[in-house]
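Visitor: Please take me in for a close look at one helix in this model, and then on to whatever else deserves a stop.

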Amino acid sequence: MVVVAFLPVDLDIVLFKTLPFLISTVFLCSVISRIGETGRKSEFILSDRRKEIIKQNAVQNSALRFLARATSPQVRKKVVSGNEIGISHKEISCMFIDIVNSTEAVSKLAEEILSPAITLFLDHIVPILLRFNLILDKYTGDGFVVFSTKSDSSTYISDCVKAGHMVIEKIKSESQAYKEVWGAPLQIKVAVSNGLAPVGFFSSTSGNFHTYTSIGLPVITASRIESLCEPNSIFICSDTKEKLENDKTFAFVRMGKPHLKGIGDTDIYSVTVERSVEDGSSIYCPEGHGEMVFDTNEKGHYVYRCPVCNYELD
């Protein structure tokens with residue numbers, strides 16, 4: 001037989017010895033629980049903060065992309081590369097593209113039609129100008145001022161004239177579309193001049209405003225010549241003709257020697273692009289509808305498109 005003996009236990013002593021342990025255990029559990037809750041709250045706060053930062057960055061990037069599109073692609077490349085931020089004198093070819101009777105045409109457009117009408121015009125000519133790597137200086141409301149530099153392309157002068165020719169042909173081929181939107185077929189005038197000019201980023205003293213442009217005699221000359229242009233024609237000065245006359249792509253007709261304000265008496269020529277010797281650049285529709293035009297498709301890709309049957313060639 002086993003006899004178990006129980007020793008007397010002093011509960012006060014037991015409680016005295018174990019109470020601090022119990023209290024500290026409860027305290028630690030409470031602290032750990034609070035730390036866990038704080039961590040979870042911090043995680044939620046950080047998660048919300050990350051989402052807010054991502055949202056802000058997305059808005060800022062969208063705004064920057066919008067602002068970037070306000071400048072020519074070549075200018076954006078110069079800014080990103082850090083090259084040619086200053087001003088330098090360069091040989092340029094400047095082209096003015098003007099909508100004939102634009103003030104009258106625009107004044108007749110209803111407010112809700114004005115934006116689509118201008119968009120149609122830009123959609124047609126901008127891809128052509130970019131194809132020839134021309135710098136889009138400014139849209140003036142009734143046309144475009146663009147230029148190219150000899151440092152960017154050895155064919156900088158002929159590029160302007162060929163682009164001007166393609167713009168005229170494009171506008172003519174879309175006469176029905178312009179009649180529907182503008183109320184009448186659109187006509188444009190093109191003037192080209194070349195020479196030495198300051199090119200680069202011009203800015204205010206405060207630095208709050210910068211614009212990449214060219215100024216000087218070639219720009220002024222092109223502006224003066226444009227005022228003399230006939231609809232759907234390209235006029236150039238004698239200096240530009242001398243640069244192009246050995247290129248059998250072009251044909252010239254002397255239009256006279258008017259006095260250009262601030263410049264003097266200047267020989268003016270009308271220039272046309274002879275399609276028969278257009279270096280194979282003309283592409284014709286296989287369905288026999290004539291010459292195809294350079295355009296962009298629904299995906300934004302550059303293609304040749306037949307204005308009659310919409311046949312596309314990459």
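Guide: Gladly! In α5, 16 of the 18 residues are buried, so the rest of the structure largely encloses this helix; buried means under 20% relative accessible area, exposed over 50%, and partly exposed in between (1.4 Å probe, protein chains only). The model is predicted: local features need pLDDT of at least 70 and side-chain atom pairs 80 or more, while totals for chains, interfaces and linings use all residues. Numbering starts from 1 along each chain as its sequence is written, and side-chain values use heavy atoms, without hydrogens or water.

Helix α5 covers residues 156-173 and spans 26 Å from first C-alpha to last, close to the 26 Å expected at 1.5 Å a residue. Helices here are DSSP runs of H or I with at least four residues, and strands are E runs of at least two, numbered from the N terminus. The expected span is 1.5 Å times one less than the number of residues.

Next, the second largest pocket holds about 230 Å³ of space. Its lining includes Ile99, Val100, Trp182 and Pro185, and helix α3 (residues 102-108) gives the most to that lining, with three residues.

Finally, two asparagines. Asn133, in the loop between α4 (111-131) and β2 (135-139), has a positive phi of about 60° and is partly exposed at 37% relative accessible area. Asn232, in the loop between α7 (217-226) and β6 (233-237), has a positive phi near 55° and is partly exposed at 26%. Most residues other than glycine have a negative phi.

Notes. 1 Å grid on protein atoms, 1.4 Å probe; cavity = no way out; pocket = protein on both sides within 12 Å on 5 of 7 lines; lining within 4 Å. Points joined across faces, edges and corners; volume = space filled by probe spheres on them.
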